[in-house]
Amino acid sequence: MQDPANDPLAALSRRHFLKTSTVAAAAAVSLPSILHAQTKKPINAVIIGLGGRGGGAGGNFLEAAKTIGVDAKIVAVADIFPEAANSGRNNFGVPADKCFSGFDAYQKALAVPGVNYAILATPPGFRAVHFKACVEAGKNVFMEKPVATDGPTCRVMYAAAEASKAKNLKVAAGTQRRHQASYIETIKRIKDGAIGDVVALRVYWVNGGPIWHRGEHGSTDLERQIRNWYHYIWLSGDHICEQHVHNLDVANWVMGGHPAKCWGMGARQQLEGKSGEIWDNFALEYEYPGGAHMFAYCGQVKRDWSSVSEAVQGTKGTSDPGNRIQPTGGAMWRFRDKAVDPYVQEHIDLINAIQNDTELNEAKQVTDSTLTAIMGREAAYSGAGVEWDAILNSKFAYAPEQMFEDCSKMQWGAFRTLQPPMPSQHNILKDPPVVPVAKA
């Protein structure tokens with residue numbers, strides 16, 4: 001047994017968790033490829049979180065296993081809500097006694113004998129503590145993005161990421177562009193100098209319509225929030241984290257690291273009058289070490305123009321990192337090959353890493369990109385410039401205290417709702433934090 005004094009997971013007591021930061025060593029992540037497993041060990045998976053993405057990821061996992069000829073099945077499912085957990089019977093043929101519900105359902109699923117693959121797809125506010133539990137239990141993990149909603153949960157992620165590498169666990173994240181052939185080849189060319197030195201980036205996740213809103217359902221504050229999870233900061237991180245993290249991750253991939261600071265603005269406009277705390281648009285500017293700037297825009301408002309895309313400006317040309325290189329004065333290059341669906345490819349890559357014991361651990365990089373989104377969110381919320389170390393080491397936690405003590409023992413009950421953040425009136429980095437609570 002590992003000495004608790006040297007165990008980065010055991011060290012994260014609530015007191016340590018809020019007062020210190022744990023930064024993992026850089027993860028060396030191999031590029032994904034379609035490899036046929038040589039020693040085909042059975043893969044027994046559990047799904048923790050049976051919403052739309054959890055069900056989708058389960059289907060992608062089974063398709064991936066079939067593609068490479070590996071015996072794989074979903075042996076248990078878990079969800080806070082019984083009706084969601086029970087869908088595992090119809091969708092994946094999971095026996096009724098292995099469809100677990102409640103706040104402790106994830107623990108029951110991970111304890112099923114033979115489990116060696118966990119799919120984490122709950123609302124993001126639970127991701128860090130569920131990932132920590134998977135690492136403690138020695139499970140390989142596929143986890144959806146984002147993986148945290150504030151500095152404290154990012155610190156749990158960094159510590160668990162370090163522990164997962166020490167245990168040689170394989171970890172893939174739902175930043176599927178990292179497993180998409182067109183992005184892999186194009187970004188390789190950028191890194192090889194096809195457009196010279198990168199001086200600027202632009203990333204968009206601008207929807208042409210609003211995000212879903214499920215209204216108020218449930219008998220307690222906590223139930224109403226979790227059923228309408230997208231609209232509460234502690235659960236979703238706001239849409240800049242929940243969606244725009246994809247594009248921010250591409251920028252970090254191109255740059256080979258994360259930004260140092262950020263400033264920006266945004267608003268809550270078309271959501272006005274609906275329950276919740278989040279905004280519906282952000283416009284941000286990030287600066288990377290070395291001076292390159294990234295301009296980031298995301299929105300969930302009804303509008304005529306929309307775009308989900310990235311662009312890179314170099315000293316010798318430009319690129320759409322998804323499939324195109326345009327050197328200055330030269331011929332355009334495009335990626336034209338056919339490729340596997342990246343939602344399936346990410347599971348192929350993870351299964352192959354397990355089967356062949358090759359390195360794949362994306363926990364740190366997805367946490368970096370999640371914290372990039374959080375840094376931008378808090379810069380816009382506060383109206384102040386925010387630096388990386390400040391947001392990483394921030395003490396304010398959006399989630400209930402019980403989340404960090406033992407989320408398996410959470411109970412339905414009262415929990416505060418914040419006023420939608422207003423610049424100059426909301427700043428988690430002040431001492432003490434300024435975080436206005438909505439009137440009852």
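How many nonpolar, polar and charged residues are in the lining of the largest pocket? I looked this up in a predicted model. The lining has 21 nonpolar residues, 12 polar ones and 10 charged ones.

**Entry 1: the largest pocket**

I asked next how much space lies in the largest pocket. The computed figure is about 810 Å³. I then looked at what surrounds this space and found a lining of 43 residues. G51, G52, A121, P123 and W229 are the ones that lie nearest the centre of the pocket. I also noted which elements give two or more residues to this lining: α2 (52-68), β2 (72-79), α3 (82-92), α4 (105-110), α5 (127-136), α8 (221-227) and α12 (342-356). Helix α2 gives the most, with 3 residues.

**Entry 2: strand β1**

Is β1 buried or exposed? I checked its residues, 43-48, and 6 of the 6 are buried, so the strand is largely enclosed by the rest of the structure. I looked at the two faces separately. I43, A45 and I47 are on one side and N44, V46 and I48 on the other, and both sides are covered. For a neighbour I found β2, which runs parallel to β1 and is joined to it by 6 bridges. One residue I followed across was N44, whose bridge partner in β2 is K73. Strand β2 was already in my notes as one of the elements that line the largest pocket.

**Entry 3: the open sheet**

I traced an open sheet of 9 strands with mixed pairing. I wrote its order down as β14-β13-β12-β11-β7-β10-β9-β8-β15. Which are the edge strands? They are β14 (333-334) and β15 (386-387), and each of them pairs on one side only. I stayed with β14 and looked at its pairing with β13 (residues 324-327). These two strands run antiparallel and are joined by 2 bridges. R324 has R334 in β14 as its bridge partner.

Helix α11 (residues 245-255) lies across β7 (198-207), β9 (281-287), β10 (293-300) and β11 (307-314). The angle at which α11 runs to β7 is about 165 degrees.

**Entry 4: residue K430**

Where is K430? I found it in the segment after α15 (401-406). I checked its accessibility too: K430 counts as partly exposed because its relative accessibility is 45%, and that class lies between the buried cut-off of 20% and the exposed cut-off of 50%. Last, I compared K430 with S382: they are 48 residues apart in sequence, and their C-alpha atoms are 9.9 Å apart in space.

Terms used:
Residues are numbered from 1 along each chain as its sequence is written. This is a predicted model: local features need pLDDT of at least 70, side-chain atom pairs count only at pLDDT 80 or more; totals for chains, interfaces and linings use all residues. Side-chain values use heavy atoms; hydrogens and water are left out. On a 1 Å grid over the protein atoms alone, a cavity is a set of points where a 1.4 Å probe fits but cannot get out, and a pocket is an open set with protein on both sides within 12 Å along at least five of seven lines; lining residues have an atom within 4 Å of a point. Grid points are joined across faces, edges and corners, and a volume is the space filled by probe spheres set on the points. Helices (H or I, at least four residues) and strands (E, at least two) are DSSP runs, numbered from the N terminus. Ala, Val, Leu, Ile, Met, Phe, Trp, Tyr, Cys and Pro count as nonpolar, Asp, Glu, Lys and Arg as charged, and the others, Gly among them, as polar. Two strands pair if DSSP finds at least two bridges between them. Contact means heavy atoms within 4.5 Å. Axes are lines fitted to C-alpha atoms, for helices over the stretch in contact, and angles run from 0 to 180 degrees between N-to-C directions. Buried means under 20% relative accessible area, exposed over 50%, partly exposed in between (1.4 Å probe, protein chains only).
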